[in-house]
Amino acid sequence: MTALAPAPHAATAASVAERAPKHRPSPERIAAGLTLAALVVASLFALNSLGISLPSMLESWSNAERFFTRVGSISFPEPLELVQLTALTLGIVVTGTLFAAICSVPIAYLAASNTTPGPGWRAAARFITVFTRALPDVVLAMVFVLLFSLGSLPGILAIGIHSIGMISKLFADAIEQIDEGPRRAVRAAGGSKLQEFTSGILPQVLPSWVATVLHRNDINLRGSVVLGYVGVAGLGLEMSHAFKSLNYSLGLGVAIVMFALCVLMEIISSAVRRAMLHGGRASGGPLAATTVEAAARRPWTGSRVRTTVWGWVTAALLIGAIAVCNIQWGDLVTVWAKIPPVAAQFWPPSFGAYDWTRMSGAMLETIAIALAAAVLTLLASIVIGSFAARNVAPNPGTRAGARFLLVGIRGVPEVILAIVLIVITGLGAQAGTLALAFGGIGLAGKLIADSLEEVKGGPERAITATGASRFQRYAAATLPQGAPAIIGHSFYLLDTNIRAATILGIVGGGGIGYYLLNAGQGSNYGVVTAIVLMILVTVLAVEGLAMWMRRVFR
Amino acid sequence: MPSPVIEVRDLDKRFDRTLALQGVELTIDRGEIVVLLGLSGSGKSTLLRHLDGLETPTSGSVRVLGEEVPRLRGRRLRALRGRVGFVFQQFELVPSLTVLENVLTGSLARLRGPRLGLWSYPRRLKLAALGHLDRVGLLDRAYQRADTLSGGQQQRVAIARALMQEPEILLADEPVASLDPESSEQVMALIREIAMDAGLTVVCSLHQVDLALAWGDRIVGLRGGRLVLDTPTEGLGKAEVMEIYGRVATATAELEAIETELADASSEASPERAEPLAEGAGR
């Protein structure tokens, strides 16, 4: 009896193993998993090849100390000049964003699935969206500086055209999310297509549109400093001149001003967004008037006064921004004659004095910077983001602290941070990577925290009920549920990093950007075209990869 | 001699595989107050939407105010829609706009170009809109956001918006299905009052038999996309009323079961005979 006892048990165990279905994921999932693994390995190689390690960071610290003893103090431009430069920078950024917002309205209308007149229109609008987003604003500025030589138009148009991509994409998303009812009501009352848009759609999307434009304006201000390196007037140009003439104390002073400006703008735009979200619902009480004639005069309630005042203030600021730019409107007419000869300079693409291996090496370095920065960002933001999630943080205080940290990091403009790091440590690619990695934590950490908070609570409770520890619950229930979203965020991060890494080269951060700036300054425009094509292919490939990954791991 | 303002002939409408309307024939004279009665999915909304050119028929003819609706395009279609008011179940006001501006959007067909903001409408129209708001008892709410109003109030604003079109016909698609009983009563009474005052032709879809009997002058019943009933409400006996319940207000699942049974049984007979079942339910 005792001898027999184990036998049936063993037999059952074997048969269970046999009977258990084999785990077979779809080929697409396997391919995506392998790609993911390859990217992780590539990121580790990238970290290694860029020489990012603890000793090198310590070395950069001593470099920075030496730098500051050499530079001495930080200096600023003359007060009047500083005000003028600040006003000009803000003017160019705001006017450029405004230009993009206006252009984005028809493009979004054509691109949104519920308003597009046909698939052909939609494809064309989508193409403009993807293309303008992929084309770096620095490259646009380079071209426009050639076309317009001086003035603010190159900056405005570069910012404007590049911003159309993101703004029109988000505008179209907002249109696709509207309640169709009011629009149908306008149609049923005999309204035209245009009236359907202004009376049925526009009032619904306006708050979201304004938030999008404010957000983009912040991004444009942060990026505007790089435009100075290719000759767009304003604080960026002042800074690049200062660094080029080795006037580090002035350059750092301008960087600090720019830094403060970005933080200030971020605070203002988030205050406006909040006011719009919460204050918009304020509504006066019933009217005292009893006759139609009396009711025709709208009373000046608090909310009406507020709306009117802010409306006029906004209009004044926008007009002021345009006025500060001192646009040479005539140039917009004469420029057309200059386009053919300038275009001819950019064609055909060639590598000029460089060869293919050198160029592809530089492009690979840019990709390495983006990958390395992404992996560093992810490590930090999974930790901070987890502590910032309500269902993971050990107590509300920790969560609040982590959230506050993320908001603080998000306020830091990474390009300016990169410039400062590169200048004071003297290490190009490493400093650039670290700045990019640090800057990414703010957004990635927030997105990860939000995704972890959105997971289902049931499995977490079930794991707790089995007697698991807090950390076991996190690993077994929270993280697996949040993983698809985190993968999605990672690719979004990689996508933005690739774009940012090309820009970093221009300010001395290594990679393809350096050659881009060199070719532009040496008037080798065929080389510029060749580099831009390489950047476009890379950016679009990463975007395609990101879309595929998000779809597979949804 | 009353002249027909709505003439529907042999109307079929197919969505992908399902037949939403099948051989519908309907004539409505000027000034009539008609209820379209039927369960959800019976085709009431689809029929109403055809009358305003919001759907195009698969086949058949829809004449409204002397115009062949499916043939109208662009400006002429919009002009016809301007002459026909439409009240929706979900009110469909723009939540972020003021009540007054929502009413004013009813005048868009008569205006050229886009409008946004009260200042963009002429004063004459503003006064008219305030007058309509007064008519529905909401003058004091003119400058509040539409989403601060209760459901019943929002539907009254929607009625004012339809009146702003100065319509000859008023179509209402389940106007009280989203309202509580008290507001429902108010809204239905308001529609009837306004229709009587202005001599409007009204076609209103409902799914409650008792409400339809009390409110309409004529009831047109729909079931599964077919017209199954057309009768004046005046002088109806109890038996006829029970028959209406039987024809129109039987649960869909039950109906489908009976219909398949009938279809099997009468496979040799002509297809028209697969219709009744009223006798069974009426008794």
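The legends below describe close-up views of a predicted model.

Local features are included where pLDDT is at least 70 and side-chain atom pairs at pLDDT 80 or more, whereas totals for chains, interfaces and linings use all residues. Residues are numbered from 1 along each chain as its sequence is written, and chains are lettered from A, with ligands numbered from 1, in the order in which they are written.

**View 1. The two domains of chain A.** Chain A is divided into domain 1 (26-72 + 348-554) and domain 2 (75-279 + 310-346), with bounds that come from an automatic or database domain assignment. The C-alpha centres of domain 1 of chain A and domain 2 of chain A are 25 Å apart. The UniProt record, in an unreviewed entry, lists residues 86-269 and 363-546 of chain A under "domain: ABC transmembrane type-1"; such annotations may be inferred rather than shown by experiment. Residues 86-269 of chain A are 85% helix and 0% strand, with end C-alpha atoms 18 Å apart, and residues 363-546 of chain A are 85% helix and 0% strand, with end C-alpha atoms 19 Å apart.

**View 2. The contact between domain 1 and domain 2 of chain A.** Here 25 residues of domain 1 of chain A are in contact with 24 residues of domain 2 of chain A, contact meaning that C-beta atoms, placed from the backbone, lie within 7 Å. On the domain 1 side, helix 17 (414-425), helix 20 (470-506), helix 21 (512-521) and helix 22 (525-552) of chain A each give two or more residues, and helix 22 of chain A provides the largest share, 9 residues. Helices are DSSP runs of H or I with at least four residues, and strands are runs of E with at least two, numbered from the N terminus. By class, this side of domain 1 of chain A has 18 nonpolar, 6 polar and 1 charged residues; Ala, Val, Leu, Ile, Met, Phe, Trp, Tyr, Cys and Pro count as nonpolar, Asp, Glu, Lys and Arg as charged, and the others as polar.

**View 3. The side of chain A that touches chain B.** In this interface 26 residues of chain A are in contact with 36 residues of chain B. Helix 9 of chain A gives the largest share of the chain A side, 8 residues, and the residues of that side divide into 13 nonpolar, 11 polar and 2 charged.

**View 4. The open sheet of chain B.** Four strands with antiparallel pairing, in the order 2-1-4-5, form an open sheet in chain B, where pairing requires at least two DSSP bridges between strands. Strand 1 (residues 4-15) and strand 2 of chain B pair over 8 bridges, and L11(B) has V24(B) as its bridge partner in strand 2 of chain B.

Definitions and conventions. Contact = placed C-beta atoms within 7 Å.
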